[in-house]
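Reader: Hi, can you walk me through this one? I'd like to start with the core.

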Amino acid sequence: MASLDDLKKRILSVKSTQKITKAMKMVAAAKLKRAQENAEKGRPYSEKMNNIILNLSNGISDKENAPKLLAGTGNDKVHLCVVLTSDRGLCGGFNSNIIKKAKAYFTKITSEGKNLKIITVGSKGYDQLKRQYNDKIVNKISFKESKNINFFDAEKVSKIIIESFQKNQFDVCTIFYNKFKNVITQIPQAQQIIPLKSSETGNDNEKDNYEFEPDEDEILSNLLPKNISTQIFKAMLENSASEQGSRMSAMDNATRNAGEMVDKLTIQYNRSRQAAITKELIEIISGAESL
Amino acid sequence: MSEEFKLEIVNPEKSFLSKEDVTEVLVPAYEGDMGILKDHISIISFLKPGILKVFSKNGEDKYYVEDGIIEFKDNTLSILTSSIFSLDKIDRSYVSQSLSDTEKLLSKEDLDDQSRFLISQKIDVLKSISSN
């Protein structure tokens, strides 16, 4: 059995760990609130953007000549996967969930004999994927320096994607991120952004007669790259809210577990202290008796 | 009252402005400035760098926009833009910084006509802002 001194040290160390996790939980809670607000504020933009694209793509008469970003290249050979993860750890299953989802998709793609390319955003995703898929990772991006999620970062990512699309380096692009449902639940998502999936643009039963200036094609070709930035930005916002939520619940659990451990160790400490006292008493008494 | 319609300006980050009592909006559309009144036909267009003017009962507000998309439908004008600044509050240093950046861009040779047009537009607007 551990000595009294060891137990004491152990209790102290668990207590200080608890302090850290508690502080992290508080910080995550504060950040979560902000991230959640940001995610909500960003929604109207992406919703409106989606609506406009939907109206436009309905209005296009000549589907054959639609911009490639909308219609696709006609091939389905090379898949680009953009995996959005966090830059920091200690957030429970947040990163692992995305990676798990992404890996399942990768396996499916490769088993179908298609080519796979990966872009990781966020250092944690790269760390987890590099062992198995190092040769597939074409680019890794990290926004460790930027404090807040901003649109410029999203534009950087989308620029890389669009440039490589224009060079015909891939046919289909999918992004992976965690959708924020609530603090406890985050749903890993796979969203195809190139070509734009018609099912995700919503229902098309209400068709409006719009006037376009300049014509549809020109607007579309201008709008589609923007839409990609918007979708990525949305994913980044959702991701950051999810990250903080996930971290908060993970740290909450850790704090609770540490508390339980402290209780257990304290009982053990008291028992062994009592045992030591009893033992000493017995020794004194039996010594006195033998005299 | 019947002359008023709704205006929404949204940024990627947040909703920038929402107004119910707008009487006229003058937007720097891609193919020329465009005034929008109530009951305008549904329209989608995009913006070039310029000054956006919003008229309401309480007067006139001016904004500087760099790009964006507008959609008018059911008497609601939505403007999606990633860079918009109120002209009253615009940062002088930002204007001059942006001006010199764009002028540098213009001096590059491999520009197509369209982007050259947009860039020179931007320079003109920025110059007029900074001279005020």
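Author: The largest nonpolar core has 81 residues. Val82(A), Val83(A), Leu84(A) and Phe176(A) have the most contacts inside it. A nonpolar core is a set of buried Ala, Val, Leu, Ile, Met, Phe, Trp, Tyr and Cys residues joined through C-beta atoms within 7 Å. Buried means that 20 or more other C-beta atoms lie within 10 Å of a residue's own, with C-beta atoms placed from the backbone.

Reader: Which helix gives the largest share of this core?

Author: Helix α6 (residues 216-290) of chain A, with 13 residues. Helices are DSSP runs of H or I, at least four residues; strands are runs of E, at least two, and both are numbered from the N terminus.

Reader: Is this an experimental model or a predicted one?

Author: This is a predicted model: local features need pLDDT of at least 70, side-chain atom pairs count only at pLDDT 80 or more, and totals for chains, interfaces and linings use all residues. Residues are numbered from 1 along each chain as its sequence is written, and chains are lettered from A and ligands numbered from 1 in the order written.

Reader: Back to Val83(A). What is it in contact with, sequence neighbours aside?

Author: Leaving out neighbours within four places in sequence, its contacts include Ile98(A), Ile118(A), Leu129(A) and Phe176(A). Contact means C-beta atoms within 7 Å.

Reader: New topic. How many residues does each chain give to the contact between A and B?

Author: Chain A gives 23 residues and chain B gives 21. On the side of chain A, α1(A) has the largest share, 10 residues.

Reader: Which strand of chain B pairs with β6(A)?

Author: Strand β4 (residues 43-46) of chain B, parallel, over three bridges. Pairing needs at least two DSSP bridges. Phe212(A) has Ile44(B) as its bridge partner.

How values were computed. A residue is buried if 20 or more other C-beta atoms lie within 10 Å of its own, exposed if 12 or fewer, and partly exposed in between; C-beta atoms are placed from the backbone. Two residues are in contact if their C-beta atoms, placed from the backbone, lie within 7 Å.
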